[in-house]
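I am opening my notebook on this model. I will write down what I looked up, entry by entry.

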Amino acid sequence: MGFFGEYLAARATIGAADLLVDVAAGVISDGVEKKDKADTLKTLVFVVSYRATLTRELKKEIVGVMRTVDEDISVFSCEPEIDAIYNDLQKMSSAQFFEQVLSTRILREKIVGLYVLALVLVGSLAEKNFLSPQQLYNLSLIKKQFSFTRQELGSCYSMIAKMSGEDVDDVAEQLELLTGDAAMDRLLEQYPHLVEEDGPKQIAVKEETKESVSHELEEIAKIYYESVEKMGSTDYATQVILADVQPQRVMRAVKSYAKDCSGENIILQYDSTIDSTGKEGFLLTNKKLYINTGVIFDKPSAIPLRNIMSISVDKKNMRIIVNKSKIEAAWLKKIELIEELSDLLQKIIPLAKEIQ
């Protein structure tokens, strides 16, 4: 369990009022005003569903974070309110949304408190591999809208570190990898369509990326999320991830078995480890498929995409076979999930080869 999971799990042992005092340093307490609770709910719904689909699983994630504000809240009790906020979001721009969140205009402390909860929500989604590029971009809109100082961001990271028991610098490093300016630049290079035509102008897209790379990556992302939705499996969604969703896990894979991928565009990762270290499985780039089975006598391999002639499933041994190389897939637990991963590779490798 990562530090976001520990944050949310802490509700089981700490009362809601105490939790809020610890995490938000008294910014939002058990005596929080009704308006502040409403703005918090609006902000969390905005993060997960602005220009995106709101599912019941996402509603549960929202409510999980909202329990740090109201311990009695449930999906059943607030679903009509969540649906109403979502329906309103479909009719407005992000600028119009921020105009509605009036209470955050008064105190910077309240803005910081809201952003902490938004970070926790995004972190929880990332750990469960529910996080989409759109949701990550929505979080960046909040960050840009309120122009947080480095000191304010440090306060956010300190709050989360205190609750999770993690080192604050480790928390800051992981969050910057996910939400920092460099991460947003990479996100928008790959998904330039995320930028609203009439939205905030602080976030710009590099002109040279509007063609070529962006089209293939958008198509890959579309195919990937369709695959995840089709399977409806936590095991599949947790182990098969787009590289930009969990960059830290991807970096562990690079250090473990794909050190020669410098200059390549990392697209997809399959993590076959039981503890999600990322050190075994495969990495797909625009040039090669890097494989590490984790078996003691099997050396890591790298297959140029142009040399891939066949991809099949060994049902008996629960493996995917690429040419003659094997990918251990037993941790997916079901043959239909292994077959789906095989199909996913066959669909996106031709697109990956087009990326220069």
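This is a predicted model: local features need pLDDT of at least 70, side-chain atom pairs count only at pLDDT 80 or more; totals for chains, interfaces and linings use all residues.

**Entry 1**

I began with strand 7 and strand 8, which form a hairpin with two residues between them. Asn323 in that turn has a positive phi of about 55°. I number strands (E, at least two residues) and helices (H or I, at least four residues) as DSSP runs from the N terminus. Residues are numbered from 1 along each chain as its sequence is written, and side-chain values use heavy atoms, with hydrogens and water left out.

Four bridges join strand 7 (residues 319-322) to strand 8 (residues 325-328), and the two run antiparallel. I count two strands as paired if DSSP finds at least two bridges between them. Ile320 has Ile327 as its bridge partner in strand 8. I then stepped back to strand 6 (residues 311-314), which is joined to strand 7 by four bridges and runs antiparallel to strand 7. Here Val313 has Ile320 as its bridge partner.

What is the strand order in the open sheet of five strands? I read 1-2-3-4-5, with antiparallel pairing. Strand 1 (240-242) and strand 5 are the edge strands, each pairing on one side only. Neighbouring strands are turned by 15° against each other on average, direction ignored. Angles run from 0 to 180 degrees between N-to-C directions, and axes are lines fitted to C-alpha atoms, for helices over the stretch in contact.

Three bridges join strand 1 to strand 2 (residues 266-271) in antiparallel fashion. Leu242 is partnered by Leu268 in strand 2. Helix 14 (residues 247-257) packs on the sheet and touches strand 1, strand 2, strand 3 and strand 4. The direction of helix 14 makes about 85° with that of strand 2. Helix 15 (residues 335-354) packs on the sheet too, touching strand 1, strand 2, strand 3 and strand 4. The direction of helix 15 makes about 25° with that of strand 3. I take contact as heavy atoms within 4.5 Å.

Strand 3 (residues 281-285) is joined to strand 4 by four bridges, antiparallel. The two form a hairpin with two residues between them. Leu283 stands opposite Tyr290 in strand 4. On its other pairing, strand 4 has four bridges to strand 5 (residues 301-304), also antiparallel. There Lys288 stands opposite Pro304.

Is strand 4 (residues 288-292) mostly covered or mostly uncovered? Mostly covered: four of its five residues are buried. Buried means under 20% relative accessible area, exposed over 50%, and partly exposed in between (1.4 Å probe, protein chains only).

**Entry 1: packing around helix 7**

I looked at helix 4 (residues 56-66) against helix 7 (residues 108-127). They pack at an angle of about 140°, with axes 10 Å apart. They are therefore oblique to each other. My cut-offs are under 35 degrees for roughly parallel, over 145 for roughly antiparallel, 65 to 115 for roughly perpendicular, and oblique for the rest. Leu58, Glu61, Ile62 and Val65 in helix 4 meet Leu117, Val120, Leu121, Ser124 and Leu125 in helix 7.

Helix 10 (residues 168-179) packs on helix 7 at about 80°, with axes 12 Å apart. This pair is therefore roughly perpendicular. Tyr115, Leu119, Val122 and Ala126 in helix 7 meet Leu175, Leu178 and Thr179 in helix 10.

Ile111 is in helix 7 as well. Ile111 counts as buried because its relative accessibility is 6%. Its C-alpha atom is 9.5 Å from that of Ile142, 31 residues away along the chain.

**Entry 2: helix 11 and totals**

In helix 11 (residues 181-190), the buried residues are Ala183, Met184, Leu187, Leu188 and Gln190. Why are they on the same side of helix 11? They cover an arc of only 160° around the axis, taken from the directions from the helix axis to the C-beta atoms.

For the whole protein I noted 15 helices and eight strands. Of its 356 residues, 54% count as buried.
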